[in-house]
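Hi everyone, thanks for coming. Let me put today's structure up on the screen, and then we can walk through it together.

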Amino acid sequence: MARRADEQVVPTRVMLPRRVVDGPARQVAKRLMMALAVLATTVLIVWVDRGGYHDAADGKVDLLDAVYYATVTLSTTGYGDITPYSDSARLVNVLLVTPLRVLFLIILVGTTLEVLTERTREDFRLKRWRTNLRDHTVVVGFGTKGRSAIQTLCATGLRKDQIVIVDPASKVIEIANAEGFTGVLGDATRSDVLLRAELQKARQVIIATQRDDTAVLVALTARQLNRGAKIVAAVREEENAPLLRQSGADAVITSASAAGRLLGLSVLSPSAGMVMEDLIQQGSGLDLVERPVIKAEVGKNVRETDDLVVNVLRGHRLLGYDDPAASPLQLTDRLITIVRASNEPPLNHPPQAAPRA
């Protein structure tokens with residue numbers, strides 16, 4: 001799609017979660033304080049033993065001469081204008097000043113190497129991340145909708161390192177990094193940005209942008225890059241939902257209409273509204289989950305299962321619990337059930353699968 005010449009292009013960058021280390025400014029400040037401490041120690045040593053030093057200018061060594069000698073000695077090999085001539089002064093130079101000079105150089109070189117190797121380490125982490133990442137979830141937009149979707153996925157057992165967030169705001173990506181997520185800074189309507197998020201290897205994509213037209217463009221681009229990924233998108237206006245489905249989204253959630261229906265239900269029946277809200281919030285109270293049929297349930301009626309079955313997913317058909325075709329259950333079926341939220345799976349069922357996005 002053609003872009004306007006005056007349209008601002010957001011820089012693209014992959015930002016991995018940072019390890020818990022001091023910031024660059026704090027590290028430099030700490031190294032500077034160490035260098036000054038070494039310098040002050042050297043000045044004190046020279047000043048205490050100033051009688052063993054000779055100044056070519058006036059023969060005496062005062063405090064300024066001690067500072068000058070310590071600075072020159074630590075940073076260079078010295079100019080020879082101030083020299084230790086007594087045995088004690090030379091012994092102190094060998095045993096104390098020389099090690100301090102080495103320590104001073106290590107601090108300076110260490111700071112330089114830290115700056116030079118930081119990029120190398122970051123490139124290595126990024127390369128390893130790209131190599132190991134597959135079947136992950138790409139979340140476009142880290143606003144209220146995106147955060148809620150991620151919370152639901154994490155509540156079902158999805159690891160944070162299997163989630164990649166794409167957002168054009170650097171502050172948002174920094175917040176995502178602070179929470180342990182990998183972020184890609186850039187415009188998700190551009191294919192190169194989604195490729196940086198390794199979308200071509202993703203299993204599912206969640207589109208939670210602020211604008212419906214942006215969601216359509218993201219869905220088109222994502223479907224072009226990955227034909228097999230599950231794409232779920234949220235739109236504000238219900239009239240844009242068909243357009244988003246045509247753009248490649250497998251499921252479209254109309255946020256404004258869904259919120260409105262929940263409000264209306266809460267007015268008619270506050271208790272029913274509370275139950276619906278409980279079902280939406282994953283990990284507490286009642287949960288709506290999807291799981292496979294186990295061998296002990298094959299051939300049984302839907303009502304004979306231990307869980308409260310709402311729907312049966314058979315192939316691409318979604319059958320209601322009261323549909324005659326839903327029973328008997330088949331081994332390849334998947335059940336949409338309402339269960340009590342628990343940290344441990346039921347004893348008579350395998351671990352519950354994460355709900356499809």
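So, which residues have the most contacts inside the largest nonpolar core? Please keep in mind that this is a predicted model. The residues to look for are Val138, Val166, Val184, Ile207 and Leu244, in a core of 29 residues. Several elements each supply at least two residues of this core: the strands β4, β5, β7 and β8, along with the helices α6, α7 and α8. Helix α7, residues 212–225, gives the most, with five residues.

Let's zoom in on isoleucine 207. Beyond its neighbours within four places in sequence, isoleucine 207 is in contact with Val140, Ala215, Val218, Ala219, Ile231, Val232, Ala233 and Ala234. Apart from the core we have been looking at lies another one, of 11 residues, and Phe142, Ile163, Ile165 and Ile173 are among them.

Now the aromatics. The structure holds two aromatic pairs, and I'd like to show you one of them. The ring centres of tyrosine 53 and tyrosine 69 are 5.2 Å apart, and their planes meet at 65°, so this pair counts as edge-to-face. Tyrosine 53 sits in strand β2 and tyrosine 69 in helix α2, so the pair ties together parts that are 16 residues apart in sequence. Tyrosine 53 is buried, at 2% relative accessible area, and tyrosine 69 is buried too, at 9%.

Let's turn to the surface. Leu91, Val94, Leu95 and Leu96 make a nonpolar patch of about 390 Å². Is valine 94 buried or exposed? Valine 94 has 56% relative accessibility, so it counts as exposed, the cut-off being over 50%. You'll find valine 94 in helix α3, which covers residues 87–132.

As a reminder, most residues other than glycine have a negative phi, and most peptide bonds are trans. Aspartate 135 has a positive phi of about 55° without being a glycine, and it is placed in the loop between α3 and β4. Glutamate 198 also has a positive phi, near 55°, and its place is the loop between α6 and β7. With a relative accessible area of 7%, glutamate 198 is buried.

And where is the cis peptide bond that I'd like you to see? It joins serine 327 and proline 328, with omega about 0°. Proline 328 lies in the loop between β12 and β13.

Definitions and conventions:
Residues numbered from 1 in each chain as written. Predicted model: local features only at pLDDT ≥ 70, side-chain atom pairs only at ≥ 80, totals over all residues. Heavy atoms only, no water. Core = buried A, V, L, I, M, F, W, Y, C linked by side-chain atoms within 4.5 Å. Buried < 20%, exposed > 50% of the residue type's maximum accessible area, 1.4 Å probe, protein only. Helix = DSSP H or I, 4+ residues; strand = E, 2+ residues; numbered from the N terminus. Contact = heavy atoms within 4.5 Å. Patch = residues over 30% accessible without salt bridge, like charges linked within 9 Å, V, L, I, M, F, W, Y side chains within 5 Å. Areas by Shrake-Rupley, 256 points an atom, 1.4 Å probe, with all protein chains shown as cover. Salt bridge = Lys/Arg side-chain N within 4 Å of Asp/Glu carboxyl O. Phe/Tyr/Trp six-rings, centres within 6.5 Å; stacked < 30°, edge-to-face > 60°.
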